[in-house]
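I opened a new structure today and kept notes as I went. Here is what I looked up.

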Amino acid sequence: MKFIIPSLSLRSSRNSCCPAQKSLMVSPLPQTLNLSQTETRSLHADPAQDDLDGILCSDPQQERQERQQLLLSSSDSSPLGFGSPSRCLSGESLVERAWTHWEKIGRPKLIVAPMVDNSELPFRMLCRKYGAEAAYTPMLHSRIFTENEKYRNQEFTTCKEDRPLFVQFCANDPEVLLEAARRVEPFCDYIDINLGCPQRIARRGNYGAFLMDNLPLVKSLVQKLALNLNVPVSCKIRLFPDLQDTIKYARMLEDAGCSLLAVHGRTRDEKDGKKFRADWDAIRAVKNAVRIPVLANGNIRHVDDVHTCLEKTGADGVLSAESLLENPALFAGYRTAEWVVDSEGIERDGKLDQTDLLVEYLKFCERYPVAWRMIRAHVHRMLGDWFRRHPHVREDFNSQSKLTFEFLYNMVDRLRELGTRIPLYLDDKHGDRVPADGLVSRDV
């Protein structure tokens, strides 16, 4: 199989909210690593969706500069020293390497979960500003990633500050998965295999949680990467209905070369997170059954849940998805009014609200362009409560077939001028953990 070194698109810095940031060190310095700034659709995009939502939120002509091939030494492609592929290592050595790598990236506890079209670079950077210590990319389709340059160059972007980073792929062909993984391994800390997506598109494509019906194939996917990559392999799984089957599954993945396991505490059929509570006891059982680091996913709605989950599961970190979409400052101790009643402290206005977070997100988007469909989705999630109070503003937003930053900033100003502010709250028992810059301390 031919290994194609990815190309870079060089971006100019515009209206950055983080002027001091520097990006991947290539000469001349790019602002963002991008594997074309041309139009593409996401894996889950609706074919009937307006084409305008599929283009990037910047002028393609301005962004399309001369590309350069990235020349990396072997040491550069393994920046944190995971080393050469694990072809000759014993099981014990693999476990030792898994923990050594986890230590080197700082043992992150607060992690942005993979979300299709929603955990893109600007959103990851916003969450990192407010306490996230690591993040997953959106799920990338390995076959499309290897075959389609437009998909590859638009759907995977990163920058120097976007670490530690998990790049997640769905796959059902070991060779195709390896080719996709090799394109991104110099720029991430884990290659993650999506073994947990329960949606119908995963059933049709035979990937995600539906590979639980074909464990030999799952094992071959993990082994292919573990034996051939310089970065470790992680897997994100769901539970089997029978706990013992889940434990056997986790041990099989570890034996195949998985270096980190993220466990979503629901089964494949439990798709509705509001209807089905994640089973933290099952996650604890998995943690006790394997020797590699384990992350817990499910029921992380605010920072108290982080503490409770870590205590009850014994996990090495937590993932949050849906709650972060509404409140990207969750890991810094901020909570929406919905969860104030769960707080054991005395709640106070955190001097931050979702319009503030949206403006910060838009600034990141100006620096790191993404498709307008992603921005549209984040506006709806972050401003959901505001739109419910002012449905006429939401209607104006929905009627815009072509979004612009000017329109979005003006919409935020309009909401603020309506005089109904919806604050995010802090409680006093977490106040000493939230510095003035909004960054949570690492000793969660």
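I started with valine 294, which touches Leu261, Val263, Lys287, Ala315, Asp316 and Gly317, leaving out residues up to four places away in sequence. Contact here means heavy atoms within 4.5 Å. The model is predicted: local features need pLDDT of at least 70, side-chain atom pairs count only at pLDDT 80 or more, and totals for chains, interfaces and linings use all residues. Residues are numbered from 1 along each chain as its sequence is written, and side-chain values use heavy atoms, with hydrogens and water left out.

I placed valine 294 in strand E12 (residues 294–297). Helices (H or I, at least four residues) and strands (E, at least two) are DSSP runs, numbered from the N terminus. Is valine 294 buried or exposed? Valine 294 counts as buried, at 0% relative accessibility. The cut-offs are under 20% relative accessible area for buried, over 50% for exposed, and partly exposed in between (1.4 Å probe, protein chains only). I also checked leucine 261: its C-alpha atom is 4.8 Å from that of valine 294, though the two are 33 residues apart along the chain.

Leu261 came up again in the largest nonpolar core, which has 122 residues. Ile191, Leu253, Leu261, Tyr361 and Ile375 touch the most other members. A nonpolar core is a set of buried Ala, Val, Leu, Ile, Met, Phe, Trp, Tyr and Cys residues joined through side-chain atoms within 4.5 Å. I listed the contacts of leucine 253, not counting residues up to four places away in sequence: Leu195, Val218, Val222, Cys235, Ile237, Cys258 and Leu261. Another core lies apart, with six residues, including Met139 and Cys197.

**Cysteines**

How many disulfides does the structure hold? I found zero disulfides. A disulfide is a pair of cysteine sulfur atoms within 2.5 Å. The sulfur of cysteine 170 is 7.7 Å from the closest cysteine sulfur, in cysteine 197, so it is too far for a bond. Cysteine 258 is in no disulfide either; the nearest cysteine sulfur, in cysteine 235, is 3.8 Å away. Cysteine 170 is buried at 0%, and cysteine 258 is buried at 3%.

**Helix pairs**

Next I looked at helices. Axes are lines fitted to C-alpha atoms, for helices over the stretch in contact, and angles run from 0 to 180 degrees between N-to-C directions. Under 35 degrees counts as roughly parallel, over 145 as roughly antiparallel, 65 to 115 as roughly perpendicular, and the rest as oblique.

H16 (residues 391–398) packs on H17 (residues 405–417) at about 175 degrees, with axes 11 Å apart. The two are therefore roughly antiparallel. His392, Val393, Asp396 and Phe397 in H16 meet residues of H17, among them Phe407 and Leu408.

H13 (residues 354–367) also packs with H17, at about 170 degrees and with axes 11 Å apart. This pair is roughly antiparallel too. Leu408 in H17 is one of the residues that meet H13.

How do H10 and H11 pack? H10 (residues 280–289) and H11 (residues 303–313) pack at about 50 degrees, with axes 8 Å apart. That makes H10 oblique to H11. Lys287, a contact of valine 294, is one of the H10 residues that meet H11.

**Aspartate 353**

Last, I checked aspartate 353, in strand E14 (residues 347–353). Aspartate 353 is buried, at 4% relative accessibility. Leaving aside neighbours within four places in sequence, aspartate 353 is in contact with Trp386, Arg421, Ile422, Pro423 and Leu424.
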